[in-house]
Amino acid sequence: MTHRLRSVGLEYAEAAPVRLVFVAKISAAPEAVFEAFTDVEGWPRWFRQVKDARSTDGGKGREIRLMGGTRFRETVMAADPHERYAYRVDETNAPGLRALLEEWTLRPSDGGTVVRYVFAVDGTALLRGAVRAMRPGLRRAFHQAVRNLDRMVAAA
């Protein structure tokens with residue numbers, strides 16, 4: 001069963017009822033990090049919760065499958081070279097979601113990059129509570145993903 005989510009704009013990253021924000025500094029340059037973001041099919045190589053990813057609509061969309069079977073059909077909302085990559089979930093098989101936007105911003109710092117990730121979500125009261133409770137796990141997943149990305153970029 002697929003659920004259609006509410007269409008939200010980029011401002012949702014700051015206005016969502018539930019916002020989880022994580023920040024990490026890595027040694028990779030913003031250009032390399034941004035290139036990895038736009039290589040949608042490559043996400044499973046560095047973000048282990050992503051089982052399968054593919055670009056759609058000539059790069060304007062994404063289809064994502066997570067470990068555990070959750071699926072997302074997304075619209076890329078921003079692909080500002082070396083600065084920001086954001087996408088909105090349009091459809092999912094996850095119950096309880098009403099809106100979801102994820103935004104990655106990049107800032108050069110001492111030869112590396114400060115990566116800021118915003119997970120902006122709305123849903124049923126149960127879902128909002130579950131997302132808040134999952135904060136520690138989502139924080140670990142974020143930090144592991146950016147460490148993996150940093151290692152992958154360094155090895156390239």
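Analyst: Let's start with a definition: a charge sits over a ring if NZ of Lys or CZ of Arg is within 6 Å of the ring centre and within 35 degrees of the ring normal. Before using it, note that this is a predicted model, where local features need pLDDT of at least 70, side-chain atom pairs count only at pLDDT 80 or more, and totals for chains, interfaces and linings use all residues. Residues are numbered from 1 along each chain as its sequence is written, and side-chain values use heavy atoms, with hydrogens and water left out.

Now the spot itself. Arg-62 lies over the face of Trp-43, 4.4 Å from the ring centre, and also over the face of Tyr-87, at 3.9 Å from that ring's centre.

What about the two rings? Rings of Phe, Tyr and Trp (its six-membered ring) pair if their centres lie within 6.5 Å; planes under 30 degrees apart are stacked, over 60 edge-to-face, and the rest tilted. The structure has 19 such aromatic pairs. Trp-43 and Tyr-87 have ring centres 6.0 Å apart and planes at 80 degrees, so they are edge-to-face. Trp-43 sits in helix α3 (residues 43–46) and Tyr-87 in strand β6, so this pair ties together parts 44 residues apart in sequence. (Helices, H or I with at least four residues, and strands, E with at least two, are DSSP runs numbered from the N terminus.) Both rings belong to one aromatic cluster, whose members also include Phe-37, Tyr-85, Tyr-117 and Phe-119.

A salt bridge is a side-chain nitrogen of Lys or Arg within 4 Å of a carboxyl oxygen of Asp or Glu, and a search of the whole structure turns up 13 of them. In one of these, Arg-62 meets Glu-74, 2.6 Å from N to O. Arg-62 is in strand β4 (residues 61–66) and Glu-74 in strand β5 (residues 71–80), so the bridge ties together parts twelve residues apart in sequence. Both residues are buried.

Glu-102 is buried yet has no salt bridge, and the nearest side chain of opposite charge is our Arg-62, 6.1 Å away. (For charges, Lys and Arg count as positive, Asp and Glu as negative, while His and the chain ends are not counted.) What does the side chain of Glu-102 join instead, in a polar contact? That would be the side chain of Tyr-117, at 2.4 Å. A polar contact is a pair of N or O atoms within 3.5 Å; within protein, one must be able to donate a hydrogen and the other to accept it, and residues adjacent in sequence count only if both atoms are side-chain atoms.

Contact, by contrast, means heavy atoms within 4.5 Å. Setting aside neighbours within four places in sequence, Glu-102 is in contact with Tyr-85, Ala-86, Tyr-87, Tyr-117, Val-118 and Phe-119. That brings us back to Tyr-87, the ring with Arg-62 over its face.

Key:
Buried means under 20% relative accessible area, exposed over 50%, partly exposed in between (1.4 Å probe, protein chains only). Lys and Arg count as positive and Asp and Glu as negative; His and the chain ends are not counted.
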